[in-house]
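Please keep the sequence and the model side by side while reading.

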Amino acid sequence: MAAFMLKRLRGDLIKGLSKGVINDLVDKMLDHEVINNSEKEDILEANSRTGDQARSLLDTIKRKGARASQKFIEALKESDNELATNLRLDCPAGKASTENPVYVRE
């Protein structure tokens with residue numbers, strides 16, 4: 001379910017993630033052994049633009065599967081709870097996929 005949610009919200013995550021939050025998420029994914037140092041460097045150093053870093057991070061997490069996707073969502077809730085709430089990542093698994101989410105962007 002977590003992998004599906006990330007796939008469904010990919011565009012909104014790319015637009016909504018800031019450089020600081022991406023750095024924090026990458027560190028958390030490294031701490032949880034979801035990614036390794038080489039992947040961290042690929043995400044942060046090979047991509048100079050924030051959107052490209054977000055794409056790279058999300059693509060890496062997607063390749064890692066359901067556990068990685070769930071860890072990413074948990075980390076996002078800690079790092080940027082407002083974005084997670086706006087994307088309804090705080091909803092129970094069944095609710096998020098059946099309700100129409102409301103996206104708030106400033």
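Contact here means heavy atoms within 4.5 Å. Among contacts in the protein chain between residues at least 6 apart in sequence, 64% join residues at least 24 apart. The model is predicted, so local features need pLDDT of at least 70 and side-chain atom pairs count only at pLDDT 80 or more, while totals for chains, interfaces and linings use all residues. Residues are numbered from 1 along each chain as its sequence is written, and side-chain values use heavy atoms, with hydrogens and water left out.

**Fold**

The protein chain has 8 helices and 0 strands. Its pattern along the sequence reads α-α-α-α-α-α-α-α. Both element types are DSSP runs, numbered from the N terminus: helices are H or I with at least four residues, strands are E with at least two. Of the 106 residues in the protein chain, 40% are buried. Buried means under 20% relative accessible area, exposed over 50%, and partly exposed in between (1.4 Å probe, protein chains only).

**Core**

A nonpolar core is a set of buried Ala, Val, Leu, Ile, Met, Phe, Trp, Tyr and Cys residues joined through side-chain atoms within 4.5 Å. The largest one holds 29 residues. Which members touch the most others? They are Leu13, Leu17, Ile61, Phe72 and Leu76. At least two residues of this core come from each of helix H1 (2-8), helix H2 (10-16), H3, helix H4 (37-45), H5, H6 and helix H7 (81-86). Leucine 13 contacts Leu6, Leu58, Phe72, Leu76, Leu83 and Leu87, leaving aside neighbours within four places in sequence.

**H5 against H6**

H5 and helix H6 (residues 66-79) pack with their axes 5 Å apart, at an angle of about 135°. Axes are lines fitted to C-alpha atoms, for helices over the stretch in contact, and angles run from 0 to 180 degrees between N-to-C directions. The two helices are therefore oblique to each other. Angles under 35 degrees count as roughly parallel, over 145 as roughly antiparallel, 65 to 115 as roughly perpendicular, and the rest as oblique.

H5 contributes Leu57, Leu58, Ile61 and Lys64 to the contact; H6 contributes Ala66, Ala68, Ser69 and Phe72. Serine 69 is buried, at 1% relative accessibility. Beyond residues up to four places away in sequence, serine 69 touches Ala2, Ala3, Leu6 and Ile61.

**Salt bridges**

A salt bridge is a side-chain nitrogen of Lys or Arg within 4 Å of a carboxyl oxygen of Asp or Glu. By this rule there are 7 salt bridges. Three of them are listed here.

| Aspartate 24 | Lysine 28 | 3.6 Å |

Aspartate 24 and lysine 28 sit 4 residues apart in helix H3 (residues 19-31), so about one helical turn separates them. Is lysine 28 buried or exposed? Lysine 28 is buried, at 16% relative accessible area, whereas aspartate 24 is partly exposed at 29%.

Aspartate 52 and arginine 55 are 3 residues apart in helix H5 (residues 50-64), again separated by about one helical turn. Aspartate 52 is partly exposed, with a relative accessible area of 26%. Arginine 55 is partly exposed at 32%, and arginine 49 is exposed at 54%.
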